[in-house]
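Have a go at each task before reading its solution.

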Amino acid sequence: MKKLVSVLLVLAMILSLGMTAMAEATISENALIGIILPTKEESRWLNDQKYFEQYFGDLNYEILFSQNNSATEKTNVETLISRGAEVIVLCAYDAAAAAAAVNSAKEEGIVVISYDRLIMGTPNLDYYVTFDSRSVGQAQADYLIQQAEGKTGVNLQPYIADGTFIVRNCDKAVEYMDNGDLTRDEMIAIMQTIDSEWNMATCKALAEAHLTAAGSDAKGEVFVLGPADDDCCRALSDAFSADAEVETLVITGADGVEASVQYIIDGKQSMTVYKDSQALVTGTLAIIEALKAGEEPATDTTYNNDAMDVPTVQADVVTVTADNIAEVFFATGVYDGSKFTGWN
């Protein structure tokens, strides 16, 4: 009998812990949801704002912008904490610096959803909503490879190693150019060599400096793997197009922002990897609705942020070129085709 009582007590404790955990993950029906986006100065984030307003219309929510400033971002989180937010959806400007703000929110029992950009170095994230980030780079690489002698693949490195592509603006990439396959550390070393700061002026200035330093033999037929950002892609396109020694330009972008649509139609931007912000917003909404119902939100995978494996809702991407731009953007109502010239 004592053993039975002990077993029952242990079961009761386990059930109690489970109920407590569920209670911690549950938010109230009228919970304040704080949404923090990086800046109002980029069309991408204005699109996200539009979709949040569209899909969150009946919810109690507030949208703040950090204007690409970590201090403002921290203040925004503190503001939402003081207003009693139960959920904070944070698209970090600085993925490392934002960890402190996440930790502060978690101390108050707030559910924190990392939006689009993974916040690094904190064990206190609840969820991450993003696009299949690896597939963005793969789609860009695949497009460039297809344009080079009709080759195929989703990894540029073998085609750098065999001489199809010659890297002209990154010493670290040149150092590894004979490697047919790169380690993760080598990839990171290359990516850290050049920092565009996600800023159009910085991208244009870097490109102009590289073009000035490069000889005419390094130009001619040019392939540019642009940042995963259409605004920066247009800045790069302007810089390369202004150089008389650049004869042809194939350049990739991402996000599918409206300002790049005319560039793609005009051939000034070769493609964009469209990341439909609606999918991120509806994925975020699904998490919030599950939490309100006291249920565990459905996730697709996990991403490691150097402190934990973050449960992740992942959205798909699509490659858009001049050939399918009307189908993807105009026919679906993403953009008004009548605003653009030369596509029909």
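**Exercise 1: Aromatic rings**

A search through the whole structure turns up 8 aromatic pairs. Rings of Phe, Tyr and Trp (its six-membered ring) pair if their centres lie within 6.5 Å; planes under 30 degrees apart count as stacked, over 60 as edge-to-face and the rest as tilted. Before you start, note that this is a predicted model: local features need pLDDT of at least 70, side-chain atom pairs count only at pLDDT 80 or more, and totals for chains, interfaces and linings use all residues. Residues are numbered from 1 along each chain as its sequence is written, and side-chain values use heavy atoms, with hydrogens and water left out.

Task: work out how the rings of Phe 52 and Tyr 115 are arranged.

Solution: 
- Step 1. The centres are 5.3 Å apart and the planes make 45°, so this pair is tilted.
- Step 2. Phe 52 belongs to helix H2 and Tyr 115 to strand E4, 63 residues apart, so the pair links distant parts of the chain. (Helices, H or I with at least four residues, and strands, E with at least two, are DSSP runs numbered from the N terminus.)
- Step 3. Phe 52 is buried at 0% relative accessible area, and Tyr 115 is buried at 0% too. (Buried means under 20% relative accessible area, exposed over 50%, partly exposed in between, with a 1.4 Å probe and protein chains only.)
- Step 4. Phe 52 and Tyr 115 form one aromatic cluster with Phe 56 and Tyr 61.

**Exercise 2: The nonpolar core**

Task: find which residues have the most contacts inside the largest nonpolar core.

Solution: 
- Step 1. A nonpolar core is a set of buried Ala, Val, Leu, Ile, Met, Phe, Trp, Tyr and Cys residues joined through side-chain atoms within 4.5 Å.
- Step 2. The largest one has 28 residues, and Leu 37, Phe 52, Ile 113 and Tyr 115 have the most contacts inside it.
- Step 3. Helix H12 gives this core its largest share, 6 residues.
- Step 4. A second, separate core has 21 residues, including Leu 90 and Val 112.
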